[in-house]
Amino acid sequence: MSAATTRSRTPDRLCAEAVDLARAAAEEAAAPGVVGEHTGAVSEGDRVVTHFFECKEMGYRGWRWAVTVARASRAKNVTLDEVVLLPGPDALLAPEWVPWSERLRPGDMGPGDLLPTDAEDLRLEPGYSGEDEPIPSSAVSEEMAELVEAEDAEVTAGTPSNLPVAPTRGTIAAIAEELGMRRARVLSRYGLHSAADRWEESFGSKTPMAQAAPATCVSCGFLTPIGGSLGQAFGVCANEFAPADGRVVSLSYGCGGHSEAAIMPKPPRPAPPVIDETKVDAFPLRPAADSGSVPDVSDEAAAELGHS
């Protein structure tokens with residue numbers, strides 16, 4: 001270790017004692033009552049020392065005022081270098097900045113929002129071959145390349161498909177336009193697989209709803225088929241009472257709204273009870289005269305027999 005390195009790590013005595021000068025500079029830069037106690041000093045080099053003061057300002061927990069002072073060689077006067085507010089080891093910091101393309105989540109877009117698509121998006125591939133450049137009316141044409149790559153794209157006079165730019169006659173782009181192949185790019189295999197994985201996770205066979213379903217969607221009458229290769233594994237639910245109404249569902253998905261779940265034999269009706277305990281039978285307080293085996297006699301006849 002050299003002597004210069006040793007001197008740089010040892011704080012200069014005069015600079016280390018200039019606490020009052022550093023505090024006055026911090027209080028001048030900050031609001032009144034914001035600068036707190038002196039928390040230490042660090043040597044920045046030969047005759048250069050940084051003093052740290054506690055920051056009491058609301059919202060800056062763990063931050064500290066850093067005041068750097070210096071002294072010229074063979075000079076006795078300490079001068080002020082700079083005053084800054086720096087985060088400490090336990091400072092409350094804002095989260096790391098993330099680009100908008102990584103912060104975007106499904107459902108974040110609203111009316112009027114624009115979502116530029118990267119020209120090298122792995123989810124898309126050219127819709128036709130024979131020409132590397134897309135048609136001029138495409139969003140990824142040379143005329144629109146700067147708008148696609150820019151984060152803050154400006155709004156043009158209309159959508160790219162409505163711009164007054166036509167393909168050059170005789171090119172493959174013009175032939176594709178005439179044949180109805182208006183899409184410059186289509187879903188790639190990666191885009192298909194990512195969409196299938198996303199739909200399978202939301203409405204697939206491993207969801208709790210599908211595990212408790214009486215049958216799968218492949219046998220449901222409310223399933224609407226879709227075209228393309230995705231139609232071999234997915235469809236659209238058209239049951240307004242189902243939890244996946246209007247959603248793309250896997251053919252192995254299922255719910256309680258299956259079209260055949262209600263077609264079941266009616267349960268047998270139980271036989272009527274032998275003793276109906278829900279009705280009240282009326283009983284007279286005295287039996288009828290002709291209901292018993294004892295003949296009806298008058299009171300006089302009963303007196304002769306010794307009855308009172």
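Modeller: Let us begin with nonpolar cores. In soluble globular proteins, buried nonpolar side chains tend to be found together. In this predicted model, the largest nonpolar core has 17 residues, and V35, F53, W65, V67 and V69 touch the most other members.

Biologist: Which elements give two or more residues to this core?

Modeller: They are α3 (19-29), β2 (48-55) and β3 (63-71). The most, four residues, come from β3.

Biologist: What does V69 touch, not counting residues up to four places away in sequence?

Modeller: On that basis, V69 touches C15, L21, R47, V48, V49, H51, V78, T79, L80 and D81.

Biologist: How many cavities of 30 Å³ or more does a search of the whole structure find?

Modeller: The search finds one. The largest cavity holds about 100 Å³ of space. Its lining consists of 14 residues, with C217, C220, F222, C237 and C255 nearest the centre. By class, the lining has 10 nonpolar residues, four polar and no charged.

Biologist: Let us turn to a single side chain. Is H258 buried or exposed?

Modeller: Buried means under 20% relative accessible area; H258 therefore counts as buried, because its relative accessibility is 8%. H258 lies in the loop between β9 (248-250) and α9 (299-304).

Biologist: Which backbone oxygen lies 3.0 Å from a polar atom of the H258 side chain?

Modeller: The backbone oxygen of T216 does. Leaving aside residues up to four places away in sequence, H258 touches P214, A215, T216, S219 and C220.

Terms used: Residues are numbered from 1 along each chain as its sequence is written. This is a predicted model: local features need pLDDT of at least 70, side-chain atom pairs count only at pLDDT 80 or more; totals for chains, interfaces and linings use all residues. Side-chain values use heavy atoms; hydrogens and water are left out. Buried means under 20% relative accessible area, exposed over 50%, partly exposed in between (1.4 Å probe, protein chains only). A polar contact is a pair of N or O atoms within 3.5 Å; within protein, one must be able to donate a hydrogen and the other to accept it, and residues adjacent in sequence count only if both atoms are side-chain atoms. Contact means heavy atoms within 4.5 Å. On a 1 Å grid over the protein atoms alone, a cavity is a set of points where a 1.4 Å probe fits but cannot get out, and a pocket is an open set with protein on both sides within 12 Å along at least five of seven lines; lining residues have an atom within 4 Å of a point. Grid points are joined across faces, edges and corners, and a volume is the space filled by probe spheres set on the points. Ala, Val, Leu, Ile, Met, Phe, Trp, Tyr, Cys and Pro count as nonpolar, Asp, Glu, Lys and Arg as charged, and the others, Gly among them, as polar. A nonpolar core is a set of buried Ala, Val, Leu, Ile, Met, Phe, Trp, Tyr and Cys residues joined through side-chain atoms within 4.5 Å.
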